[in-house]
Amino acid sequence: MTRKIAIFDTTLRDGEQSPGASMNTEEKLVIARQLLRLGVDVIEAGFPISSPGDFESVRRIAELAGDQATVCALTRAVEKDIDSAADALKYCKRPRIHTGIGVSPSHMRDKLRITEDECVERAVKCVAYAKKYVEDVEFYAEDAGRSDYAFLARVIEAVIKAGATVVNIPDTTGYSLPEEFGARIEYLMNHVDGIENATVSVHCHNDLGMATALSLAGVRCGAAQIECTINGLGERAGNTAMEEVVMAIKMHGEELDAHTDINTREFIKASRLVSSITGMGVQANKAIVGANAFAHSSGIHQDGVLKKRDTYEIIDPADVGAGQSQIVLTARSGHAALKHRLEELGYELEGEPLDQVYDAFLNLADKKKEVYDEDLESLVNERERNESALYSLEGVQISCGFPLTPTATVTLRNQADQVVTACEFGTGPVDAMCKAVNKIVQVDNDLTEFSVQSVTRGIDALGEVTIRVTAPDGDVYTGRGADGDIVVSSTKAYLNALNRLLNDKQGKRG
Ligand SMILES: [Zn+2]
């Protein structure tokens, strides 16, 4: 039997830190359910001290996971962070606290302003402090990729003595080369007393496009846990993509002496879910989950694949859950059929929420006859977006054309249940709509990105609009909206982005 490599997912923590990818608790729960279906070993659910929303997400995900997965909360090497994490994990069946400190010369000197001795002392102290609350304590040596080998070994040895069960060696800045990073892990395996008492973890960033290669180099040299995210979501150029490392281990298990327990058939669904919720699209040529990952356009390749799949295809598309969209439902499908299909897609809805999605579904089925899985996902996400909205859309009316002046009349309902209407003109219909919405919502923002994508094929497909707005403090918020009419999708998307901005600013004020 090959070595089991634990998969530690940090889509909800590191992934959420990518600009514009912030999620609310309900959205995080939907993703957490999919992570459980994938069979991840650890879910890093958030950074509880950072906001009340993060605290609540960790608490609810811990409740959801039961004993199916370890739920982990991030902290700095600060007692009040650890108190907050322990509090959020109070009723967790398999709790883990993830604490740590910067260990590279640059982090110690310029960020923390501490000496090496002080660094070791603080590392040991935070591990010992977390250990008072939970048995399972993971220590991260931030910026380990640029640290001194001997000093890194000294810190790791000390924290294992203090009780760390997992030691995370991150390449925080995505700086390393794979061979060098592997050598670093090997050095620790050979020079740290007691290393056999802890699991060595790798957490690599993709700044040079090598996160997957770095993680695999780590595994080859002794790491037994990989930290990663769906679609490689994460700060800057992102984190290691779970679908990539897991499929690479699946293909090369013997050589790497490694396997994972991930149900790879859930990858496409997970990828779509994360991109739909965060508004961070996946490039068509992305490995494993991109739209073109299994498309063959050259005649020679097509001929080969038709004769025998593995001539040009190393992965069977079915292995990652890729396949044709299924026509699942029509206007004649009942409540029960919809509920059943939604459950298969991972959404558990009952009562009022189910009724709302059913109504939206009938509406859509009337217009476009065939409703695909992607359409259903879009309808459910749309409902969830409305759920947490401070302002909801009551109506939008546009007049435009030549030689008309594009004019929009928008009617919104606010949280006090008041209905407000505003009218504005602009350079185009979307501009006029945004101005009308701003007249009502009155929150400073800059629209920095606008894109439209069709959810499925065909001229009658739902149009999904993604909008990014920037707040005056530089924070970015993503909004999405889907409808058969793209002016309506745009209004929904813009409103969704503003709602997120408002929710977030209120959440931060506590
Ligand atoms: Zn990271």
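Guide: What follows is a short talk about cysteines and a domain interface in this predicted model.

Visitor: How do you know how many disulfides there are?
Guide: A search of the whole structure finds 0. A disulfide needs two cysteine sulfur atoms within 2.5 Å. For C92, the closest cysteine sulfur is in C72, 9.6 Å away, so the two are too far apart for a bond. The sulfur of C228 has its closest cysteine partner in C204 at 10 Å, again too far for a bond.

Visitor: Which domains is the protein divided into?
Guide: The assignment gives domain 1 (3-278), domain 2 (295-384) and domain 3 (390-508).

Visitor: What makes domain 1 and domain 2 an interface?
Guide: 15 residues of domain 1 are in contact with 16 residues of domain 2. Together they bury about 1400 Å², 51% of it on carbon and sulfur atoms. On the domain 1 side, R265, I268 and R272 lose the most area to domain 2, together 32% of what that side buries.

Visitor: Why is the pair D319 and K250 called a salt bridge?
Guide: The cut-off is within 4 Å between a side-chain nitrogen and a carboxyl oxygen. In D319 and K250 the closest N and O atoms are 4.0 Å apart, and the pair is assigned as a salt bridge. The count between domain 1 and domain 2 is 3 salt bridges. Among the elements giving two or more residues to the domain 1 side is α9 (242-251), while α11 gives the most, with 7 residues.

Terms used. Residues are numbered from 1 along each chain as its sequence is written. This is a predicted model: local features need pLDDT of at least 70, side-chain atom pairs count only at pLDDT 80 or more; totals for chains, interfaces and linings use all residues. Side-chain values use heavy atoms; hydrogens and water are left out. Domain bounds come from an automatic or database domain assignment. Contact means heavy atoms within 4.5 Å. Buried area is the accessible area (1.4 Å probe) that two parts lose on being put together, summed over both. Helices (H or I, at least four residues) and strands (E, at least two) are DSSP runs, numbered from the N terminus.
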